[in-house]
Amino acid sequence: MGYIYEVGDIVTLKKPHPCGSKEWEILRVGADFRLKCMGCGHQIMTSRKLVEKNTKDLKKKA
């Protein structure tokens, strides 16, 4: 699809977090992404490849 990821954007992933939310805020962009769950606030560090593969939708920051 070719999304352009930027800090502050909200990404919707295919599978939900255990808390039930599928939306994550991007806190860091690079070879790895730091994502914060919009449901419970949990933060994870994951590879760019994994995020690009599992992205369903991307909402740009206002």
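Colleague: Which residue in β2 stands opposite Ile 10?

Modeller: Glu 25 does, in β2, where a strand is a DSSP run of E of at least two residues, numbered from the N terminus. This is a predicted model, in which local features need pLDDT of at least 70 and side-chain atom pairs count only at pLDDT 80 or more, while totals for chains, interfaces and linings use all residues. Residues are numbered from 1 along each chain as its sequence is written, and side-chain values use heavy atoms, with hydrogens and water left out.

Colleague: What makes β1 and β2 a pair of strands?

Modeller: Pairing requires that DSSP finds at least two bridges between two strands; three bridges join β1 (residues 10-13) to β2 (residues 23-28), so the two count as paired, and they run antiparallel. They belong to an open sheet of five strands in the order β4-β3-β2-β1-β5, with antiparallel pairing.

Colleague: What makes β4 and β5 the edge strands?

Modeller: Each of them, β4 (43-47) and β5 (55-59), pairs on one side only.

Colleague: Why is the contact between Lys 60 and Asp 9 called a salt bridge?

Modeller: The term asks for a side-chain nitrogen of Lys or Arg within 4 Å of a carboxyl oxygen of Asp or Glu; the N to O distance here is 3.1 Å, so the pair qualifies. This pair links distant parts of the chain, since Lys 60 lies in the segment after β5 and Asp 9 in the segment before β1, 51 residues apart.

Colleague: What makes Glu 25 and Lys 36 a tie between separate parts of the chain?

Modeller: Their side chains meet in a salt bridge at 3.9 Å, N to O. Because Glu 25 lies in strand β2 and Lys 36 in strand β3 (residues 32-37), the pair ties together parts that are 11 residues apart in sequence.

Colleague: Where do Arg 48 and Glu 52 lie?

Modeller: Both lie in helix α1 (residues 48-54), four residues apart, about one turn of the helix, a helix being a DSSP run of H or I of at least four residues. Arg 48 is partly exposed, because its relative accessible area is 28%, and Glu 52 is partly exposed at 42%.

Technical notes: Buried < 20%, exposed > 50% of the residue type's maximum accessible area, 1.4 Å probe, protein only.
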